[in-house]
Amino acid sequence: MIRIKIIDEDDIIYARSEARQFAEAEGFSLMEKTRLATAVSELARNIYRYATSGQVEIEAINGEGKCGIVCRFIDQGPGIENIEQVMEDGFSSGNSLGFGLPGAKRLSDHFSIKSVVGQGTHIEIIKWK
Amino acid sequence: MKNIPVLKLGSILFLTVPENMNDAMAQYLEEDVLQQLHKTGAEAVVIDISSLEIIDSFMARVITETVQTTKVMGARIVVVGMSSVATITLLELGLDMSDIETAMDLESGLHKLGYRLQTIK
Amino acid sequence: MADKTEVIFSQEFLYSIFDLAPIGIIIANSQGVIEDANQYICSLTDYESEELVGQKVELLLPERFRGGHVALRDSFFAHPTIRMMGRNRELNAVTKSGSELPIEVGLAPIKSDGDLKVIVTITDVTMKREADNKMRALSIELEEVSTPILEVWEGVAVVPIIGSLDTDRAQKLLESTLAKMKDARFRVTILDITGLTCIDTSVAHHLLRLTAAIGLMGGHSVLTGISPEIAKTIVRLGVDLGELKTCSTLARGLNYAITVLEEC
């Protein structure tokens with residue numbers, strides 16, 4: 001399991017490259033590796049953009065005989081007030097195309113999000129082999 | 001901070017997007033293209049993205065905005081070298097890239113811009 | 001005819017049913033210790049009955065399953081019901097010589113003197129496993145054969161979509177079409193749906209996604225083989241084909257593709 005603090009932009013690239021490597025080590029296909037890395041890039045970038053501090057945890061797991069990669073995005077940012085709204089495609093805030101959450105969800109096999117306004121957000125995604 | 005080199009060939013500008021471009025470099029990308037267009041009066045631009053393994057929404061936005069501003073400046077522009085895997089993830093991210101003209105490789109890109117390669121004997 | 005309830009089997013006879021049954025049977029207690037093993041399981045695993053009695057059932061499992069099995073055992077005894085194992089996941093047993101054996105296992109709880117024990121039946125499914133593997137390989141082959149991507153002209157590919165297009169198949173089709181497109185530099189891809197058995201919103205969505213992907217990569221797509229029936233269905237479903245070029249027959253589609261090439 002590795003933990004990467006997202007402090008500057010290069011950490012986004014580092015996080016997604018590590019996720020890719022974890023997936024490569026588990027024998028994921030090119031398509032699946034890319035989906036995972038792209039989702040990690042989106043979610044890590046959110047931390048960089050919207051939270052003052054945060055980290056990404058990447059771990060290889062085994063569940064029901066399948067192997068997978070789980071990535072957790074934990075930040076101490078402002079939190080998301082209306083989770084349903086941000087999970088809708090087309091929602092946009094700030095100067096970006098939206099939080100990229102629905103896209104990241106589509107790229108993942110499992111997606112869960114918890115957020116408390118004023119405290120932070122915790123997102124977990126899993127990609128199964 | 002290194003700028004991305006913009007090559008000029010006739011009335012075409014070529015640039016290759018480096019693998020791990022970040023926010024700072026991205027600003028320069030669009031800026032450089034526009035400056036060069038203005039300076040040289042080039043008619044067409046080819047952006048090569050074949051070194052990008054991963055195209056997230058940030059990168060997609062950089063590309064789309066560069067394309068849009070180039071068109072506003074009156075030049076034609078084509079994006080070449082999109083990998084099949086990146087294409088699929090872009091669609092899954094739900095990004096609308098319908099405005100941009102793409103081609104599988106440099107030669108098809110030039111075709112689309114209306115140029116042909118000819119050997120001079 | 002004698003009433004069943006009247007017939008009394010001798011102890012010997014009852015034991016023989018267990019011992020000589022044409023299926024491996026083990027009796028184990030709630031600690032997972034083998035209390036009895038019949039002849040079939042002994043010959044299957046190359047152990048003598050005495051070597052199995054008193055051992056944990058994990059002895060008959062390959063090392064990698066042993067750890068997890070203890071928890072499975074405990075959960076069985078927590079909620080003892082008849083269970084068949086190995087249907088969904090591939091189970092293997094290990095013989096005395098260390099070789100592995102594909103098996104299916106059945107579990108049934110049984111009370112003996114107030115103690116809860118389990119009847120474990122073990123069947124050798126080597127042939128079934130082989131047949132399953134063959135089926136899987138064949139179906140992969142079938143998939144590849146049923147959606148060939150054919151280059152019919154320089155830079156023009158035809159993809160005949162035959163049968164049904166479910167999400168799995170659509171995904172594979174998407175990946176292989178794009179990859180091949182890039183490799184062989186197809187400028188136009190003709191998707192022929194003459195052989196498509198059903199077109200509903202999900203199939204339409206898959207087709208449109210495929211054409212969007214082809215477009216995003218800089219290629220052209222043409223949809224051909226549209227029968228009047230399918231045309232009506234598409235309209236009724238409210239599917240918007242947008243700018244997608246359609247042709248009623250493959251021949252017309254090919255004609256169109258060539259004109260597109262000439263224009264480029």
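Reader: Which are the buried residues of H7(C)?

Author: This is a predicted model, and in it the buried residues of H7(C) are Val203(C), Leu207(C), Leu210(C), Thr211(C), Ala212(C), Ala213(C), Ile214(C) and Leu216(C).

Reader: What do the buried residues of H7(C) pack against?

Author: Two chains take part: from chain B there are H3 and strand E5 (102–103), and from chain C there are helix H6 (167–184), E9 and E10. As for the helix itself, H7(C) counts 16 residues and reaches 22 Å from its first C-alpha to its last, close to the 22 Å expected at 1.5 Å a residue. After H7(C) comes Gly218(C), whose phi is positive, near 95°.

Reader: In what order do the strands of the open sheet in chain C stand, and with what pairing?

Author: Strands of a sheet pair through backbone hydrogen bonds, either parallel or antiparallel. Here the open sheet has 5 strands in the order E7-E8-E9-E10-E11 (chain C), and its pairing is mixed. Strand E7 (150–153) and strand E11 (245–247) of chain C are the edge strands, each pairing on one side only. On average, and with direction ignored, neighbouring strands of this sheet are turned by 30° against each other.

Reader: In which sense do strand E10 and E11 of chain C pair, parallel or antiparallel?

Author: Strand E10 (residues 220–224) of chain C pairs with E11(C) in the parallel sense, over 3 bridges. To find this pair in the model, look for Thr224(C), which stands opposite Cys247(C) in E11(C).

Reader: Which strands does helix H7 touch where it packs on the sheet?

Author: Helix H7 (residues 201–216) of chain C touches strand E9 (188–192) and E10 of chain C, and its direction makes about 150° with that of E10(C). Helix H9 (residues 250–263) of chain C, for its part, lies across E7, strand E8 (156–160), E9, E10 and E11 of chain C, and runs at about 170° to E9(C).

Reader: How many residues of chain B are in contact with chain A?

Author: On the chain B side there are 16 residues, in contact with 20 residues of chain A. Helix H2 (57–72) and helix H3 (84–93) of chain B each supply at least two residues of that side, and H3(B) gives the most, with 6 residues. Sorted by class, the side of chain B that touches chain A has 6 nonpolar, 5 polar and 5 charged residues.

Key
Residues numbered from 1 in each chain as written. Chains lettered and ligands numbered in written order. Predicted model: local features only at pLDDT ≥ 70, side-chain atom pairs only at ≥ 80, totals over all residues. Contact = placed C-beta atoms within 7 Å. Helix = DSSP H or I, 4+ residues; strand = E, 2+ residues; numbered from the N terminus. Nonpolar A, V, L, I, M, F, W, Y, C, P; charged D, E, K, R; others polar. Pairing = 2+ DSSP bridges. Axes fitted to C-alpha atoms, helices over the stretch in contact; angles between N-to-C directions. Expected span 1.5 Å × (residues − 1). Buried ≥ 20, exposed ≤ 12 C-beta atoms within 10 Å, placed from the backbone.
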